[in-house]
Amino acid sequence: MDKLEISLSNWILNHRIALVIFSLILVGVLASGGKNLFFENDYRVYFGDDNPELIAFEELETTYTKNDNVLFVIAPRSEQVFSQENLAIIEEMTEAAWQIPYSIRVDSISNYQHTKAEFDDLAVGDLIVDGRNLSDAEVQYARDVATGDPILNNLLIADDARVT
């Protein structure tokens, strides 16, 4: 080792308490800027206010609507969505979700518009109506439809019907 390394090592050892205190103060000062760090998930920050594509997109949103989503996941302790009690809860949550301010669409397995043939007619209606009072056969039918329909399966209901 040369003299510079030895003298630096000795200086560090002789002033170790002051260096620890200085390091803690430095970390505290640097960390205080962390309160200004944030994640911006709005893609508009990448475009200038006069960007023609952004202006056209904002006009489209003004004319129609913004596409912001909220997802509620229901995972019953019984690990089976298709029980009378759980279906009633899903119906209640679906109805309550319509009351969320600015909601324009609420999708769930309960209000899924299911089409079935009745003789020569087609009947369209909610998949689950009055879930608390469904028979076992009606609950099984709703399960078969939900898990067998590619629009619902793995989108609004897990393929094993444990989560919706």
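Is Glu 79 buried, exposed or partly exposed? With a relative accessibility of 40%, Glu 79 counts as partly exposed (buried means under 20% relative accessible area, exposed over 50%, partly exposed in between, with a 1.4 Å probe and protein chains only).

## About the model

This is a predicted model, in which local features need pLDDT of at least 70 and side-chain atom pairs count only at pLDDT 80 or more, while totals for chains, interfaces and linings use all residues. Residues are numbered from 1 along each chain as its sequence is written, and side-chain values use heavy atoms, with hydrogens and water left out.

## Overall build

Let's begin with the whole chain. The protein has five helices and two strands, in the order α-α-α-α-β-β-α from the N terminus (helices are DSSP runs of H or I with at least four residues, strands are runs of E with at least two, and both are numbered from the N terminus).

The radius of gyration of the protein is 30 Å, whereas a compact globule of 164 residues would have one near 15 Å (the radius is taken over C-alpha atoms, and the globule rule is 2.2 Å times the number of residues to the power 0.38). Along the principal axes, the C-alpha atoms fill a box of roughly 100 × 50 × 30 Å. Of the 164 residues, 22% count as buried.

## Two residues with positive phi

Most residues other than glycine have a negative phi. Glu 79, in the loop between α3 (52-63) and α4 (84-97), has a positive phi of about 60°.

Ala 161 also has a positive phi, near 60°. Ala 161 lies in the segment after α5 and is buried, with a relative accessible area of 0%.

## The pockets

Now for the open spaces. A pocket is an open set of points on a 1 Å grid over the protein atoms alone, where a 1.4 Å probe fits, with protein on both sides within 12 Å along at least five of seven lines; lining residues have an atom within 4 Å of a point. The largest pocket has a volume of about 900 Å³ (the space filled by probe spheres set on the points, which are joined across faces, edges and corners). Its lining has 30 residues, and the closest to the centre are Val 70, Leu 71, Arg 105, Val 106 and Asp 107.

The second largest pocket holds about 220 Å³. Elements giving two or more residues to its lining are β1 (113-118), β2 (121-126) and α5 (136-148), and β2 gives the most, with four residues. Among the lining residues are His 114, Asp 126 and Tyr 141.
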